[in-house]
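Let's take a walk through this protein model, going from the overall picture down to single side chains. Have the viewer open and follow along.

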Amino acid sequence: MTGTSYGLLILPLLSGFIFIKTSQYYSFKIYRYSNQELFLLSGVWGTLLFIPAYLLYLYILEGFPSIIERWDDFINISYSLPVFSTLFIGYLFGKYTNFLTTKEERIGQLIYEDNDAIEILLMKALKEAKLVSVTLRSDKVYVGFVSNNFVSPNFDTKSFKLIPYLSGYRDNNKELIFTNYYEEITAKVEDEIKGQLDGFESSDFEIGIVFSEVISVNIFHPSVYDLFHANEKTDDDIPNLLDLISDGISYLRTFT
């Protein structure tokens with residue numbers, strides 16, 4: 001092989017990388033690989049993809065030699081056809097694997113593979129439309145619905161969006177105290193002052209929360225909360241949370 005022919009060996013490596021970027025099985029966690037791991041994985045897949053490319057080359061050489069002759073006249077480099085073919089095979093195979101699972105299923109698989117407790121709970125809440133309680137380092141607490149898939153195929157996930165339903169804080173004894181009820185706020189805004197607010201939408205209450213600020217996440221059950229706090233309520237206290245959240249799904253739909 002000439003020096004140019006040896007230079008073509010980088011193309012199978014490139015085809016492996018194209019496959020990794022195209023297939024959502026790998027692309028959703030590509031940012032989690034080190035440079036060495038990505039290089040090795042690209043090399044492995046490039047080698048595997050070269051095998052069908054070379055078999056295709058042998059088939060064409062046996063059955064349609066004129067095609068090979070015309071290709072060699074166009075690019076006079078040994079084995080250039082199977083090497084270039086790996087690029088297309090890598091792209092097409094990557095696209096094919098995307099039909100084997102949906103984007104949402106792959107995101108779920110990735111979260112469970114990483115076994116991150118907070119991400120698993122957020123995914124559960126998203127799939128089942130359940131409320132979550134999120135406690136931050138500042139002792140601020142938000143209760144709401146996870147509003148989007150928070151894993152991106154392009155970069156490491158650093159935050160997630162929440163549609164708040166309740167918010168409050170933890171006092172010095174770490175007791176949870178609610179101070180804001182967003183359904184009531186939304187209703188008041190829409191009934192009384194929406195016309196005075198240019199471009200106001202219910203989705204403006206959506207908040208972004210940075211993962212690094214989160215201390216804990218748990219599924220929030222209003223009925224359980226009310227059960228354990230029933231004796232603490234007075235007439236001036238907050239309304240019964242179970243009653244307040246009974247139409248929570250309709251509130252959630254105002255954001256979609």
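Start with how the chain contacts itself. Of the contacts in the protein with a separation of 6 or more, 65% are between residues 24 or more positions apart. Keep in mind while you look around that this is a predicted model.

As for the inventory, the secondary structure comes to 12 helices and six strands. The protein has 256 residues, and buried ones make up 39% of them. Its accessible surface is about 15200 Å², with 57% of that belonging to carbon and sulfur atoms.

Now pick out helix α4, which covers residues 35–63. What does α4 pack against? Its partner here is helix α6, residues 80–97, and the two pack with their axes 8 Å apart at an angle of about 115°. The crossing of α4 and α6 is right-handed. If you want to see which residues make this contact, select Trp45, Leu49, Phe50, Pro52, Ala53, Tyr54 and Tyr57 on the α4 side. On the α6 side, they meet Leu81, Pro82, Val83, Ser85, Thr86, Ile89, Gly90 and Phe93.

Next, colour the surface by residue type and look for a nonpolar patch. Leu40, Val44, Leu48, Ile51, Leu55, Leu58 and Leu61 make one of about 620 Å². Take Leu61 from that set: this residue lies in α4. Is Leu61 buried or partly exposed? Its relative accessible area is 37%, so Leu61 counts as partly exposed.

Time to move on to the charged side chains. Begin in helix α8, where Glu128 and Lys124 sit four residues apart, about one turn of the helix. Glu128 forms a salt bridge with Lys124, and the closest N and O atoms are 3.3 Å apart. Glu128 also takes part in a salt bridge with Lys130, where the closest N and O atoms are 3.0 Å apart. Put together, Lys124, Glu128 and Lys130 are linked in a network of salt bridges. How accessible are these three? Glu128 is partly exposed at 41% relative accessibility, Lys124 is partly exposed at 30%, and Lys130 is partly exposed at 27%.

While you're there, have a look at Ala129, in the loop between α8 (117–128) and β1 (132–136). What stands out about its backbone? Ala129 has a positive phi of about 50°, although it is not a glycine. With a relative accessible area of 34%, Ala129 is partly exposed.

The remaining salt bridge is between Lys174 and Asp139, whose side chains meet at 3.0 Å, N to O. Lys174 lies in the loop between β3 and β4, and Asp139 in the loop between β1 and β2 (140–146), so the pair ties together parts that are 35 residues apart in sequence. Asp139 counts as partly exposed at 21% relative accessibility; the cut-off for buried is under 20%. Lys174 is partly exposed too, at 47%.

For the last stop, go to Pro222 in helix α10, residues 222–229. Is Pro222 buried or exposed? At 13% relative accessibility, Pro222 counts as buried. Now find Leu131, which is 91 residues away from Pro222 along the chain. How far apart are their C-alpha atoms? The separation of the Pro222 and Leu131 C-alpha atoms is 8.7 Å.

Methods: Residues numbered from 1 in each chain as written. Predicted model: local features only at pLDDT ≥ 70, side-chain atom pairs only at ≥ 80, totals over all residues. Heavy atoms only, no water. Patch = residues over 30% accessible without salt bridge, like charges linked within 9 Å, V, L, I, M, F, W, Y side chains within 5 Å. Areas by Shrake-Rupley, 256 points an atom, 1.4 Å probe, with all protein chains shown as cover. Salt bridge = Lys/Arg side-chain N within 4 Å of Asp/Glu carboxyl O. Buried < 20%, exposed > 50% of the residue type's maximum accessible area, 1.4 Å probe, protein only. Axes fitted to C-alpha atoms, helices over the stretch in contact; angles between N-to-C directions. Left-handed = near helix turned anticlockwise from the far one by under 90°. Contact = heavy atoms within 4.5 Å.
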